[in-house]
Every structure is written in structure tokens, then in C-alpha cells.
Amino acid sequence: MQTSRCATALLALGWCAEASAAVKWLSRANCVGGAINESVTYDRPQLKSHFMYTESHHVGFGAVGGHAVAAPWNVTWRSYAGDVADSTRNTVRGLHVFGDDLRFLSTQYTTATNCNLGEW
Amino acid sequence: MSNHLNKCVSLALCMTCCLIPAAHATESVPSDSLVAKSGIPASELERARAEGFDMSRMQGSPGLHIVSLDKSPFVGAMAGQIKQEIAEHSANGVVAAPASEVLDMRNARRLAKGHVDRFTMFDKAYASVADIRPHLRYEPISVSGTILDGLPLVEATAAGGLKDGRWSGLSRSWDVAGLGFVQLSESEYRESGGSITMVKEWVNAEVNGHAATIKTSRDDEGVTRVALGWVTDSTVFRLDLQPVDGDALKGNQEALLAMARALGS
């Protein structure tokens with residue numbers, strides 16, 4: 001039975017561990033010369049894997065449209081969506097989806113107009 | 001190997017391309033779902049669904065959603081795994097797990113600390129609530145009136161979302177003599193319009209009128225974990241216990257529930 005549970009977990013890319021609750025999420029805009037815009041979902045300091053999905057929408061100041069990048073649904077301790085070569089002054093909006101022990105699913109949103117350099 | 005290659009290709013595409021509006025990707029997506037309100041591309045929906053997670057079933061509206069398993073985002077074998085765990089927990093009071101599946105919270109803390117020590121600027125464990133409070137957007141729930149009151153904190157770390165340099169949540173841990181290693185985590189989700197989905201069949205407890213779920217897991221190496229989670233209209237709470245006596249299934253659960261019900265008093 002336990003083998004089958006782990007076999008099932010291959011569906012979750014090897015996720016076969018108890019998750020923890022210390023997930024964090026943030027967005028950053030206009031970092032490092034104004035070119036880096038990103039949204040990140042991660043578990044630190046425990047570095048435990050969860051299933052995660054992250055989307056990062058970048059819209060230039062005064063613009064209507066914009067573009068988005070995403071980190072695919074994955075089992076990981078860090079889900080990163082961002083780009084490094086957009087020198088437009090942006091507002092970054094993040095979408096963060098993650099699970100917790102297969103019982104809670106969280107959808108969270110972030111907005112950033114600066115770099116939030118205190119975190120990584 | 002080919003799966004790995006596919007994942008790499010998928011990753012590269014997702015990281016470099018603009019997203020296709022989801023409305024074009026899925027014809028039957030409910031208008032209030034997360035997918036309808038975001039730009040999740042069709043390829044990503046398909047990939048997640050193949051791995052047991054139907055993102056088109058994710059709720060787009062804020063707040064708490066308690067949904068039955070057959071309407072939840074879990075599908076296929078993933079849903080089967082959850083169903084099996086619920087049945088096993090209901091019958092035995094514990095879910096058996098393979099070796100190393102249950103997180104050893106004490107060791108995880110030490111190992112993680114060793115890892116992040118290499119990046120000392122990122123190692124942000126605080127010794128007291130007073131120390132971490134300036135970094136938080138909300139006042140942590142009081143532990144006064146619980147058995148945690150007056151016990152020395154092992155550590156406190158930030159959690160949740162970062163906004164204007166402050167976090168929406170935190171995690172605190174204590175060593176409780178005779179009971180075990182306890183970790184209390186909380187995260188506010190209302191301010192940013194977040195949503196939480198709980199699987200209805202896993203709702204097997206209540207904490208001060210709020211739906212709660214409690215689960216004991218034990219792996220082949222004997223590591224036992226009791227996890228209790230509940231959600232208010234503003235905050236997700238979680239209490240985890242790595243008990244001294246892993247065989248005291250009922251006693252450990254009752255101790256955790258009593259602790260949860262006394263929080264904030």
C-alpha cells in the first residue's frame with residue numbers, strides 16, 4: 001500500500017513528503033538596473049517541497065497591456081516566474097498557487113512597484 | 001528522460017513566452033474560476049491535469065471554499081490518494097507513510113539552518129515575538145491561556161506574503177515537555193484577496209466554530225506528525241506536533257485541539 005502511495009506520488013513529480021506551513025510569496029519590480037521583474041513562491045527556511053504554480057504579470061507604468069511569465073505547476077520548494085531584460089518601469093502582479101498536505105490549497109496575490117531587496 | 005526533456009521544454013516555453021489567455025484554452029472553464037481570471041496557458045492546464053491537478057477547478061473568488069473531493073482540483077490518481085488517506089485515517093487514526101515521508105521538524109530546522117547559513121543575509125530566525133513584530137503586517141495571535149504561554153520560543157520565522165517590507169504571517173515553534181515539538185503557523189489572506197480551498201471530506205474537526213482538519217502521519221522510521229489546520233475569515237492557521245509519544249494517537253490530537261481552541265483568549 002505504501003509503495004502504491006509513492007507510486008501515485010510520481011504524479012506529483014516525486015512529491016512524497018509531509019509539507020510544512022512556512023510558504024512565502026512575493027513580487028519584485030524594477031530590480032538591478034530596473035531590468036528584473038519577478039514573482040516567487042517558496043518555502044524557507046525549511047526548504048520543503050510543495051506543489052506550486054507562479055505567474056508574474058508585468059505592466060509598464062501608464063500602459064494598459066503588458067506581458068506575463070509563469071513557472072509551471074511543479075513540486076518544488078521554490079517556484080520562480082520572472083524575466084531579466086525588461087527595462088520598462090513596471091508594476092508587477094504575482095499569482096501564487098500552492099498546496100499544503102493535499103488538504104489546503106492557497107491562491108495568493110502580490111503587487112510590487114519596487115525591488116523588495118530584503119528577500120530573495 | 002523524455003519526460004524530463006518535455007518538462008524542460010515546457011519550462012523554457014513558459015518562462016520565455018507571453019501567456020495565452022485561458023479563455024481560449026478551455027471552453028468549459030467556469031467564469032468565476034481562477035483560470036478564467038488569470039492567464040494560465042492551455043499547455044500548463046493540460047500538464048497539471050495529467051499530474052492529478054485540474055487548475056480549471058481552482059476558485060477565483062476570495063475567501064474560504066470548502067469543496068467535495070469530486071469537485072476539488074484534485075483529479076485522477078491524486079484524488080484517489082487523498083481518498084485512500086481519508087479512509088485510512090478514519091479507520092486507524094493515523095496514515096502510514098514510507099520512510100522519510102513525514103517531516104522531522106527538529107531535524108528539518110537544523111538542516112535548513114545549515115543550508116541557509118551559507119547565505120547568512122537570508123537566515124532570518126527570530127528569538128522572540130518582539131523581535132519579529134516590526135517585520136509583520138499583523139499582530140500574531142496570542143498564546144496566552146495555552147500550554148505554550150511562558151515557554152521559551154525555539155524560534156520565529158516570517159511567512160506569507162511580503163508587502164511594503166512586511167510579512168502577512170509567521171511561524172513559531174516551542175519544545176513542550178512531555179508533549180513534543182510544536183509549531184504554530186498563521187498567515188493572513190484576506191487583505192490581498194486570496195482564497196483558500198479545503199477538501200470537504202478532510203474536514204474532521206472544528207476550532208471555535210471554524211472548520212478544521214486534523215491528520216496524524218507516521219512513517220516507516222517512526223517519525224510521527226500531528227497536523228491541525230483551520231481557516232477563519234481572515235487567517236489560515238496551522239498547528240503541528242512532533243509528539244514525544246507517537247502511539248498516543250488520541251491524546252496527541254486532543255492536546256493539539258485544546259491548544260488551538262485556547263489560542264487568542
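1. Strand β9 of chain B, residues 210-219, is mostly covered, with 8 of its 10 residues buried. The model is a predicted one, and its scores are ipTM 0.80 and pTM 0.83.

2. Strand β2 of chain B, residues 95-97, pairs with β9(B) in the parallel sense, over 3 bridges. Within this pairing, B:A97 has B:D219 of β9(B) as its bridge partner.

3. Strand β8 of chain B, residues 205-207, pairs with β9(B) in the antiparallel sense, again over 3 bridges. Here B:E206 is bridged to B:A211 in β9(B). The two strands form a hairpin with 2 residues between them, and B:N208 takes a positive phi near 50°.

4. Strand β10 of chain B, residues 224-231, runs antiparallel to β9(B) and is joined to β9(B) by 7 bridges. B:R218 stands opposite B:T224 of β10(B). This pair is also a hairpin, with 4 residues between the strands; B:G222 in the turn has a positive phi of about 90°.

5. On confidence, chain B has a mean pLDDT of 82, and 79% of its residues reach 70 or more. Over residues 1-27 of chain B, however, pLDDT stays under 50; the model has 33 contacts beyond four places in sequence for this stretch. Residues 116-122 of chain B also have pLDDT below 50, with 6 contacts in the model beyond near neighbours in sequence.

Methods. Residues are numbered from 1 along each chain as its sequence is written. Chains are lettered from A and ligands numbered from 1 in the order in which they are written. This is a predicted model: local features need pLDDT of at least 70, side-chain atom pairs count only at pLDDT 80 or more; totals for chains, interfaces and linings use all residues. pLDDT is the predictor's confidence in each residue, from 0 to 100. Two residues are in contact if their C-beta atoms, placed from the backbone, lie within 7 Å. A residue is buried if 20 or more other C-beta atoms lie within 10 Å of its own, exposed if 12 or fewer, and partly exposed in between; C-beta atoms are placed from the backbone. Two strands pair if DSSP finds at least two bridges between them.
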